[in-house]
Amino acid sequence: MKSFRLLALTAAVLLSFAVAAVAAPVCSKKVNSFDFVVDYSGSMMMKNDKMKQDKIEVAKIALKRVNAAIPALDFKGGLHTIAPNGTVIEQGPWNRAAMDSGINTLRSGFATFGRMTNMGDGLQTYEPFLSSMERSAALILVTDGDNRGMDLVEVARQVYATQRNMVIHVISLADTPQGEATVKAIAGMNPASVLVRAEDLATSDAEVERFVLAVFCQEETVIVLRGVNFAFDSYALDSKAMGILDEAAGLIKSKPNTKIVLTGWTDSRGTDAYNAKLSKNRAEAVKGYLAKQGVPASRMTAIGKGKSFKYSNDSEEGRYMNRRTEISFD
């Protein structure tokens, strides 16, 4: 399979994969197994300032959205709690519906007193279980980083020393300097590790997409130019899009022996026939601009795919992100 190294063209650009965010993405597996390990301690029963819910409830929303966006492939998956330790779903063939039901069983409202945050001790206890996970593996730790007892950072370091082909990713609910330092230290141990805020996963399709692609998907040959989006019922490129395409042109010209396909999309409003034409016009607009920047027109094919459901059409953010053009290397 071809691969394409991810690069940041500008702060507004994401070179990514063509997947269906928050619903059955299509990609090749990066890992064979994963496990959600959820901090279930007293501090997770406290309020999250941003979302005004218990942190565990924010964690549940984030996990359900990630679970909905995991590629429909034959992963092994599981769900465990830590501090106190417990098995909600044993490692085994991942099933989206079963995982969703398991996430729903996580409860909030426990008294914070008596639920000690012995995260390091709990994770160390899980080492035999981690050893049984099929490689390569992703351990997705959901925590606010508040810890007592054995040093969680040191235990994570031990996990890396004893568990080969495993990456620890962190979904953070940290709200103290100590918690922030802990989650950043764990994420910093491996360049492949992803650190993301739970609130962002709970509220943004784009953040879910980024997380799922990084954790579960092999690199593909499709580039989504984040920022090359269009106003409603328009195929005009604004100055922001032009700046991004200036840099994209340089990237494309660095691969002179490849052809590219420009795929235009719309949101779900309007008729199928109208959106088919509008999406083609968007792809042609990008093609025309790239040609002016020195990319030979003979290397480019512009097609319109019409309505996109990659992002939710129920929100303005989702509709805006659906009004886009993607570049794939043929």
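Which residue is the bridge partner of G264 in β12?

1. Basis of the model. The structure is a predicted model, in which local features need pLDDT of at least 70, side-chain atom pairs count only at pLDDT 80 or more, and totals for chains, interfaces and linings use all residues. Residues are numbered from 1 along each chain as its sequence is written, and side-chain values use heavy atoms, with hydrogens and water left out.

2. Overall composition. The chain holds 11 helices and 12 strands; helices (H or I, at least four residues) and strands (E, at least two) are DSSP runs, numbered from the N terminus. Of its 330 residues, 53% are buried, where buried means under 20% relative accessible area, exposed over 50%, and partly exposed in between (1.4 Å probe, protein chains only). Among contacts with a separation of 6 or more, 78% are between residues 24 or more positions apart, a contact being heavy atoms within 4.5 Å.

3. Strand β10. All 7 of the 7 residues of β10 (residues 260-266) are buried, so the strand is largely enclosed by the rest of the structure. In a regular strand the side chains alternate between the two faces of the sheet. Both faces of β10 are covered, with I260, L262, G264 and T266 buried on one side and V261, T263 and W265 on the other.

4. Partners of β10. The answer to the opening question is T325, the bridge partner of G264 in β12. Strand β12 (residues 324-329) pairs with β10 in the antiparallel sense over 5 bridges; two strands pair if DSSP finds at least two bridges between them. Strand β11 (residues 300-307) runs parallel to β10 and is joined to it by 6 bridges, with G304 of β11 opposite G264. Together with helix α10 (residues 272-292), β10 and β11 make a right-handed β-α-β unit; right-handed here means that, with the strands pointing away from the viewer, the path from the first strand over the helix to the second runs clockwise.

5. Helix α6. In α6 (residues 177-187), the buried residues are G179, T182, V183, I186 and A187. Seen down the helix axis, they fall within an arc of 125°, so they line one face of α6; the arc is that of the directions from the helix axis to the C-beta atoms. P177 and K184, on the other side of α6, are exposed. The cover over the buried residues includes β6 (137-143), α5 (152-162), β7 (166-172) and β8 (195-197).

6. Residue E180. Located in helix α6, E180 counts as partly exposed because its relative accessibility is 27%. The C-alpha atoms of E180 and G145 are separated by 6.6 Å, although the two residues are 35 residues apart along the chain. Not counting residues up to four places away in sequence, E180 touches A174 and R197.

7. Residue D144. This residue is found in the loop between β6 and α5 and, at 1% relative accessibility, counts as buried. The side chains of D144 and K55 are joined by a polar contact of 2.8 Å; such a contact is a pair of N or O atoms within 3.5 Å, where within protein one must be able to donate a hydrogen and the other to accept it, and residues adjacent in sequence count only if both atoms are side-chain atoms. A polar atom of the D144 side chain also lies 3.0 Å from the backbone nitrogen of D146. Beyond four places in sequence, the residues that D144 touches include D39, S43 and G179.
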